[in-house]
Amino acid sequence: MKNLFKDLFKKKNEASSNIDQADQEPKISDNKKNNSLETIKSKFNALVKKSAGKGEDVIGIEFTTNEIRLSQISSSKDNQSILDKLYLHKIQLPEDTSVLDNPILVIQELQLAIQKSKIKIKNAALALPVTNSIIRVVTSPLMTDNELVKAIDEDSLWENLVQLTENLEEYSIFYQVIERYPKENTMDILFVASKFSDINMYTEIVREADLNPVIVDVKCFAIKAAVDQINKKSGTIDESRLTAILEFGTEENYVMIFHENNPIITDIFIRGQDRKTLIESNNQEEIDSFVKRYTSQVKQAITDFEAKYEKRIRNLKVISNLENIETYLAGFKKNLENTGFNLLDPLDGVQVPQQIKDNLNLKNKSHLSSIIGLAFRKLDVFGHHKFVAASTNINLLPDRIKIIGEKRIKIISNFVLKGSLTAISIIYLFLFGLSASNIMSYNSKLVTYAQTKSEHEILNKKIAIITKELQIMDKSLNLSKSIQSNKVISYRYLAQIANSVPNRVQFIKIEYDGKNQIIIEGTASTDRDILKLVSNLNSKSLISQASLATMSLANSGSKSNSQRKGFKISVKTKG
């Protein structure tokens, strides 16, 4: 991987560079209804994206031959990064074997590590070694996004641009356009690939531990994510925005230089014997010889960069998994006197709770850089990566499109559910407010209840009197129907007869012969009532004589009428 990543990025990828000039012209639809639907859909998607944020939180997982590392980072309201979880779980693999050689053992240890760390997040991000990946920046003829996808689907693009000896069908590929150059009719594309067999082995280990792998990154890019956060929080980036990192150890060795916030990587080669020297040797002569060979490659990488970009590299931030790193740093400084070597602290600018500080008693924290960088990653659900640098969004997971689609549906469903619940809550609040208003109105009306009730009772008495008068009038009208005369005097006879009726007397029949004889039939409660009726009739001016013709018990099945007495009165009129 010598001279790997030279001229990787010239600047951050911008959304506008992903669109061809011809595609930027507005398209006018003839169908206004479709335009309205598309507008509503666009606004809804924008609202969902804003609600969902830039991605879902993940747990960072890194596997080494002697340790499993877990981390989780969240953000406070003031955008302060907080290290929620950091757990380092020691493992013991057979000598001269790797993680992929011992999947069952690693699964068991990962399950134990998750249990002890008490991490609840299920989304997992993990990193592959740089040596297990293919990383290129290739120059392609200028294409639109659609043309690029079509070229990839036709299996013609990568064979022509990457020109690798390996079979690309065995690799999971991630790509993103870095920048388009319309004047030169070209564009730069970041190409990252790793074998399906390696990725599937790592992800299967994670799944067996009841986690959901959603991001597969490359270690160098995970480290870049950590460095980006340090630079962002510290605000100490100089005008050149130049940072150089050296990863030095038994597994990964390379120089990574950030120019304009984009990395340029040069591989550092060490022999098998040199690896043994790093771990076992106490021979100072062997160590000095190794340091000299190693620093000569570092110096060459720095010199090449300085010559091309005319930028001076004064300091290298070192990442190492060696316990005796200080011994080698002294040798590096001796061989490169004008270059500083300082261990990188990935927790710089990150708020670390006291309980983690108490358990994190490490002089050298640099080897945590990749795991901290992974914890800063987010599962990109709505395509936010199109608007930021390509190197911060590497994802080699083979089924990443399916996972992102499922997550997007889940987020939209949750958004719709929350919106429905909000609407229902608003309706209930409105109804509650309306009910409260009605209750207050009714209570105000109850203040005059006593007065209204008194007025109601008075009116009921008046209605009773009027009703009684109406009944008398109805009775008079019914009696008048039995009088076979149309003379005016007959109505006057009837009026005086009606006014003579006591309370407990009821007429059944009145017969008038049209001259001076009226026969009245009816019932009364007592003999006294009948005699009272006769007396009343005799007192009237139009009646000359009223006499009781007959009296008998009334024939009625009603219990109330069983004691009533029937009567017949003969009335002689004057005139």
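View 1. The model is predicted, and local features need pLDDT of at least 70, side-chain atom pairs count only at pLDDT 80 or more, and totals for chains, interfaces and linings use all residues. Residues are numbered from 1 along each chain as its sequence is written, and side-chain values use heavy atoms, with hydrogens and water left out. F290 and Y294 sit 4 residues apart in helix α8, about one turn of the helix, a helix here being a DSSP run of H or I of at least four residues, numbered from the N terminus. Their rings form a tilted aromatic pair, 5.6 Å centre to centre with 50 degrees between the planes; rings of Phe, Tyr and Trp (its six-membered ring) pair if their centres lie within 6.5 Å, and planes under 30 degrees apart count as stacked, over 60 as edge-to-face and the rest as tilted.

**View 2. The rings of Y294 and F332.** The ring centres of Y294 and F332 are 5.6 Å apart and their planes are at 15 degrees, so this pair is stacked. The pair links distant parts of the chain, since Y294 is in helix α8 and F332 is in helix α9 (residues 325–335), 38 residues apart. Y294 has 1% relative accessibility and counts as buried, and F332, with a relative accessible area of 0%, is buried too.

**View 3. The ring cluster.** Ring pairs join F248, F290, Y294, Y328, F332 and F341 into a cluster.

Definitions and conventions:
Helix = DSSP H or I, 4+ residues; strand = E, 2+ residues; numbered from the N terminus. Buried < 20%, exposed > 50% of the residue type's maximum accessible area, 1.4 Å probe, protein only.
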